Amino acid sequence: MEYGLELQAIQRNNSILYPYKIQKNLTLYFDEYRNVELEYLKHKKQFDKNQNTLLLYDEYLERLSNCQSRLLKRFSHLAQINESGQHNEDSMISGTEQLPDFGGYESWQQNGMSCLVDGNYEIDSYSSFWQNPVENGTISAGCWSYPDGGLHLGLDIASAMYSDVLAVANGIILYAHAPVDSNNGYLGNWCGWPNGGGNTICMVVAVNDRLYAISYAHLSNEIYVTSGQQVSQGTVIAKSGNSGNSTGPHTHVEVFELKQDLNSIVEYFRNSGADFSFGCGYSEAATCSGYACRIDPETVLEGV
């Protein structure tokens, strides 16, 4: 379908325009955004490792970023994640019997997981520092608000599409699901779990004798881990993307300092229906529950 005909079909359907409640004089931004996407798709098959195509991709990212930054200024109150919607049951850890032990690499290689053994939480199984979640990324929005206003409960790390997303420390995966395309993001797109997260991962990590939960949102659909899996610090767990309620290629990271033991946290996560907020909700900054306290990721992710 030619661009003009496709745009007419989109305008008739209004599927993109509805979430924004936009005025007619703002349709230019969406036309430009759609045009950038169509241009990218037209050239996508030609991409390879030579310099010209890499430059073309860089130019695409720059134009896409410019388009979406203008949208963000008008609709920053929408660019968040919330607890409505429905999680995917098969993507959630099934119980404490599925928990792997830290350092059980041999049993992981043999059968995909190992059993939790009492007393396995020795201090030498904890990571001694935090790994940056996205190498060569740039902070585009921090806690607890967006640059242009509006509540923001995590850290946004902008990077090129399909950048490596890493495990920040030794830990286990509580939830990993990639239900949508890698680059389907726009403001008001409430797909994924939590609502608006697009493709997401949630895990528990052990750092310096403490347990933390960390979640990643707006990932590509290239996710390399599954729930219940043990991962070591620095492992590539996914590729970055622009999925869900997202305004451009970036990874949204939230961190919680856990207040209970691992078994209790897993049980709560399962019984709550995969609560990525661990009882802290999505309406206030720096909140605490009986299970965790939401903290600013920059307080632990030194040098990100």
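Predicted model: local features only at pLDDT ≥ 70, side-chain atom pairs only at ≥ 80, totals over all residues.
Buried means under 20% relative accessible area, exposed means over 50%, and partly exposed is in between (1.4 Å probe, protein chains only).

Residues are numbered from 1 along each chain as its sequence is written, and side-chain values use heavy atoms, with hydrogens and water left out.

**Salt bridges**

A search of the whole structure finds 4 salt bridges (a side-chain nitrogen of Lys or Arg within 4 Å of a carboxyl oxygen of Asp or Glu). Among them are the pairs in this table.

| Pair | N to O distance |
|---|---|
| Lysine 239 and aspartate 164 | 2.4 Å |
| Glutamate 257 and arginine 210 | 2.5 Å |
| Arginine 270 and glutamate 267 | 3.2 Å |

To place these pairs, we use helices (H or I, at least four residues) and strands (E, at least two), which are DSSP runs numbered from the N terminus.

Lysine 239 and aspartate 164 link distant parts of the chain: lysine 239 belongs to strand S10 (residues 236-240) and aspartate 164 to strand S5 (residues 164-166), 75 residues apart. Lysine 239 is buried because its relative accessible area is 19%, whereas aspartate 164 has 33% and so counts as partly exposed.

What about glutamate 257 and arginine 210? Glutamate 257 is partly exposed at 24%, and arginine 210 is partly exposed at 45%.

Arginine 270 and glutamate 267 share helix H5 (residues 262-271), where they are 3 residues apart, about one turn of the helix. Arginine 270 is partly exposed, with 28% relative accessibility, and glutamate 267 is partly exposed too, with 27%.

**Glutamine 131**

Is glutamine 131 buried or exposed? Glutamine 131 counts as buried because its relative accessibility is 16%. You can find this residue in the loop between helix H4 (105-111) and strand S1 (138-141).

The side chain of glutamine 131 makes a polar contact of 2.8 Å with the side chain of glutamate 135 (a pair of N or O atoms within 3.5 Å; within protein, one must be able to donate a hydrogen and the other to accept it, and residues adjacent in sequence count only if both atoms are side-chain atoms). Leaving aside residues up to four places away in sequence, glutamine 131 is also in contact with Leu166, Ala167, Val168, Gln233, Gly234 and Leu301 (heavy atoms within 4.5 Å).
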